[in-house]
Amino acid sequence: MNTSSRIPDQPEPDKNGVIPEMERRQFLKLGLAITGIFAGGTLLSAASVVDKVFASRQEFADQYPYKPHYSMVIRQDNCIDCERCIEACRATNHVPEYGYRTRILEQVHPESAGRRIEFIPVLCNQCNNPACVRACPTKATYKNQQNGIVMVDKEKCIGCKTCMSACPNNGRYYNEETKSVDKCNFCFDTRLSKGETLTACAEACPAKVRIFGDLSDPQSEVYQRVHNIEKAVWVQRPETGVKPNIFYTKG
Amino acid sequence: MAESVSTETAEAPFITTRWTGAVEAIRSRAYWLTIFFLSLLVVAGTAAGVHAKLIGSLEAYGATREIPWGILISTYVFFVVTSTGLCLVSSIGHVFGVKDFMPIAKRSVFLAVATIVAGFYVIFFEIENPFRMAIYNVISPNLTSNIWWMGTLYGAYMVFMAVEFFLLVKGNYRLATIIGFIGVVSGVAAHSNLGAVFGMLDGREFWYGPFMPIYFITSAMMSGAGAIMLFTWLAYKINGEQMEPETKRALEVTTKVGILLISVILFFTAWKFIIGFAGGEAKIMALEALLTGPYAFNFWVLEIGVGMVIPLVLYIQSKGKNLSLMALASAMMIFGIFFMRYDLVIVGQVVPLQYELDVNEYQGLLSYTPSWHEIAVVLGGIALVGLVFMLGEKAFGGHRHEAHEGGEH
Ligand code: SF4
Ligand code: SF4
C-alpha cells in the first residue's frame with residue numbers, strides 16, 4: 001500500500017511518530033488497528049504489536065519458543081543513508097558486490113512539510129512463518145529451532161531459486177561464490193556464534209537505527225519498543241502472513 | 001524444422017514406381033537433413049548450457065534477484081505441461097479403453113516421454129547445482145515443498161511412462177494399462193503440484209490462489225490435444241503413408257476435445273482478469289502489463305490470437321477432417337502456448353515485491369530479457385523433442401496400432 005492511498009480518517013503521527021492520544025483512541029475505535037495504512041508499511045497497531053501479531057504473550061511463547069528470539073526494530077526516520085551497515089555487512093559476511101543482504105530504500109514524500117525523504121532499511125525478516133522455508137525442496141533453507149533465525153545450509157542448496165520466488169520481501173540472492181542462495185542470518189555464523197551480541201549492521205550504524213535483541217526477554221530494548229503503546233510499530237507486507245521479526249517504528 | 005520433410009508427398013495415385021523411388025530418395029534426404037539440423041541445435045543448446053554453468057548464471061542468464069525465474073523455467077513448464085497433456089490424451093485410449101483414441105495412444109505415450117525428457121534437459125541447466133539435487137532431494141526431502149513433490153512425482157512419472165511405452169512395444173498390453181494408469185496418476189499429481197508451486201506463493205499476487213492447479217490440468221489437456229494432432233500429421237508425412245481411417249477418426253475426436261478445451265481456457269482467462277481486477281494494486285498492475293503494457297503483444301497476438309482463437313476457428317472449420325488445417329491449427333496453438341507459459345512465469349514477477357512501499361527503487365515494472373545462453377538452451381530442448389520424435393518414428397515403425405490392442409482390456 002503506498003502512502004498516497006491513506007485512509008482519510010486515519011490519524012497522522014507527529015514528527016516523533018507519536019500519534020496524539022485523542023486521535024489514537026478514535027482510530028482504534030474505528031477498528032482500523034490492523035488494516036490501517038501507515039507510513040509506507042502497514043500499521044499493525046498503535047498499541048502493542050506483539051499482542052496483535054502473535055496473539056497473547058503466552059500463546060506467543062508457546063508457538064515460538066525461541067530463546068533467545070532474535071529480532072530487530074528499525075527506527076526508520078533516524079536513518080541517514082550513510083550505508084555503513086551495508087559496508088559492515090559486506091565485510092563481515094563476504095557479500096559480493098552484485099548482491100546484498102541488507103539495503104536502504106528511498107521513499108519520497110513530495111507533499112511533506114518537513115523532511116521530504118525517508119530511508120527505509122530492509123533485510124530478511126526472519127519470519128516466524130517463512131514462505132522460503134516452506135518452499136525449499138531440500139530443507140537447505142530452515143528456521144533454527146533455538147533462536148528463530150532463518151538460515152541456509154549451503155551444502156544442500158540446489159539453486160532452484162524457489163525461495164527467491166517465495167519470499168515476499170526480496171530477502172535473498174544467489175551467491176555465485178558459495179554456490180548457494182544467501183541472505184541475512186543476523187550474522188549468526190560470523191558474530192553471534194562467536195559471542196558478539198550485535199549484528200555487524202547494528203553495531204556499525206551511527207544513528208542507532210537498528211536495534212537488535214531478544215524478543216523473548218521483557219527487559220530487552222526490542223521488547224520494550226515493540227510493546228510501547230505510545231509509538232506506532234509496523235512490519236513489511238503483513239498481508240502475506242509470513243509474520244516478520246523485523247519491526248519498524250519512528251523516534 | 002520438420003516441415004521440410006513434408007514438401008513431397010506420395011499420395012497421388014498416378015505416380016509411377018520410378019517416381020516413387022525418386023520421391024523416396026528426396027524424402028530420405030530431407031529426413032536425414034532434418035535429423036542433422038536438429039542434432040546441431042541440441043549440441044549448440046547443450047554447449048550453451050554447459051558454458052553457462054562454467055561462467056555462472058549471473059553472467060550467462062537474464063534472470064535476476066528480482067526475477068529469479070526466466071525463460072528456462074517457463075520452457076520447463078511448457079514441456080511438462082505438454083507431456084502431462086499427452087499422457088492424459090493417450091490414457092483415454094490405452095488406460096480407459098475408449099476405442100476412438102487407440103490409434104494415437106502409442107505415439108502419445110512416446111511423445112509424453114520425449115517432452116518430459118526435454119523438460120528435464122532444460123531444468124538441468126536452470127538448476128544451479130543439479131548434482132546436489134540428486135542427493136538432497138532424496139536424503140533431505142521437505143514434504144511441505146510443492147517443488148519437491150513436483151520434481152519427485154515427475155521423476156516417477158517419467159519412469160512409468162517409459163516403462164509403459166516399453167510394454168506397449170513388447171505387446172504386453174495388460175501390464176501397460178496398469179503402469180499407464182499409475183503414470184496418469186503420478187502425472188496429474190505432479191502437475192497439480194506444479195500449479196501449486198505458483199499458486200501457493202502468497203507474496204506473488206499474480207500467481208496466488210487455488211485456481212492455478214486446475215488451470216494447469218486443463219491447459220495440459222489442451223496442449224496434449226494440439227501436440228498429438230501435429231505430431232501424428234507430421235509422422236504420416238515423414239513415413240510417406242496414407243492415414244488409416246481409424247487414425248483419422250481418432251484425430252477427429254481429438255479435434256473436438258481441442259475445441260472444448262480451448263473454450264474452457266478462454267473462459268478461465270476471462271475470469272482470471274475479472275476476478276483479478278477486484279484484487280490488490282500489484283495484481284492489477286500485472287494484469288495491465290498483459291492487457292495494455294509491455295506484454296500486450298504476447299498476450300493478445302500470441303496467447304489469445306495465435307494460441308487460442310485462430311486454432312479454435314480452424315479446428316471448427318476443419319470439421320475434424322481437414323488434416324492439414326488441423327495440423328496448422330495445432331502448430332499455431334503450440335507456438336502460442338509457449339508464450340502463454342512465458343507470460344505466466346514472467347508477468348508473475350514483473351511487479352516489484354516492494355512496489356507498495358512506494359520507494360524510488362521500485363516504481364515501475366521490472367523487466368526481463370532472455371539471454372542468448374537461455375535461448376540456445378530453449379532451442380536445444382525443442383530440437384531434442386523433434387529429434388527424439390523423428391528417430392522414434394523410424395525406430396518404432398510409425399507407432400503402428402495393432403487391432404488386437406483393444407481386445408486385451
Ligand atoms: S523475509 Fe523472506 S527470506 Fe526472510 S524469512 Fe521471510 S520469507 Fe524467508
Ligand atoms: S535455491 Fe536453495 S535454499 Fe532456495 S529453495 Fe532452492 S534449494 Fe532451497
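This is a predicted model: local features need pLDDT of at least 70, side-chain atom pairs count only at pLDDT 80 or more; totals for chains, interfaces and linings use all residues.
**Entry 1: B:Phe198 and the cores**

I left aside its neighbours within four places in sequence. B:Phe198 is then in contact with B:Trp69, B:Ile73, B:Val77, B:Trp207, B:Tyr208, B:Met212, B:Phe216 and B:Val345.

Next I checked the largest nonpolar core. It has 169 residues. B:Phe198 is among those with the most contacts inside it, and so are A:Phe186, B:Val77, B:Tyr154, B:Leu194, B:Phe216 and B:Met222. Which helix gives the largest share of this core? I found helix H12 of chain B, residues 323-350, with 18 residues.

**Entry 2: H9 and H11 of chain B**

I turned to two helices of chain B, H9 (residues 245-276) and H11 (residues 296-318). Their axes come within 9 Å and cross at roughly 145°. The crossing of H9(B) past H11(B) is left-handed.

I listed the residues that make the contact. H9(B) brings B:Thr255, B:Gly258, B:Ile259, B:Ile262, B:Ser263, B:Ile265, B:Leu266, B:Thr269 and B:Phe273. H11(B) brings B:Phe299, B:Ile304, B:Met308, B:Pro311, B:Leu312, B:Tyr315, B:Ile316 and B:Ser318. I sorted this contact by class and got 12 nonpolar, five polar and no charged residues.

**Entry 3: H10 of chain B**

Which residues of helix H10 (residues 281-291) of chain B are buried? I found B:Ala282, B:Lys283, B:Met285, B:Ala286, B:Leu287, B:Ala289 and B:Leu290. These buried residues pack against H9, H11 and H12 of chain B.

**Entry 4: B:Ala189**

I picked B:Ala189, which is found in helix H7 (residues 173-199) of chain B. Its relative accessibility is 26%, so B:Ala189 counts as partly exposed. Buried would need a value under 20%. I also checked B:Ala189 against B:Ala296, 107 residues apart along the chain. Their C-alpha atoms are separated by 32 Å.

**Entry 5: the two ligands**

How many residues surround ligand 1? I found 13, and the closest are A:Cys124, A:Asn125, A:Cys127, A:Cys132 and A:Cys167. The shell around ligand 1 has eight nonpolar, three polar and two charged residues.

Then I looked at ligand 2. The residues around it are A:Cys136, A:Pro137, A:Thr138, A:Ala140, A:Thr141, A:Cys157, A:Ile158, A:Gly159, A:Cys160, A:Lys161, A:Cys163 and A:Val181. I sorted the shell around ligand 2 into eight nonpolar, three polar and one charged.

How values were computed: Residues are numbered from 1 along each chain as its sequence is written. Chains are lettered from A and ligands numbered from 1 in the order in which they are written. Side-chain values use heavy atoms; hydrogens and water are left out. A residue is near a molecule or strand if one of its heavy atoms lies within 4 Å of it. Ala, Val, Leu, Ile, Met, Phe, Trp, Tyr, Cys and Pro count as nonpolar, Asp, Glu, Lys and Arg as charged, and the others, Gly among them, as polar. A nonpolar core is a set of buried Ala, Val, Leu, Ile, Met, Phe, Trp, Tyr and Cys residues joined through side-chain atoms within 4.5 Å. Buried means under 20% relative accessible area, exposed over 50%, partly exposed in between (1.4 Å probe, protein chains only). Helices (H or I, at least four residues) and strands (E, at least two) are DSSP runs, numbered from the N terminus. Contact means heavy atoms within 4.5 Å. Axes are lines fitted to C-alpha atoms, for helices over the stretch in contact, and angles run from 0 to 180 degrees between N-to-C directions. A crossing is left-handed if the near helix is turned anticlockwise from the far one by less than a right angle, and right-handed if clockwise.
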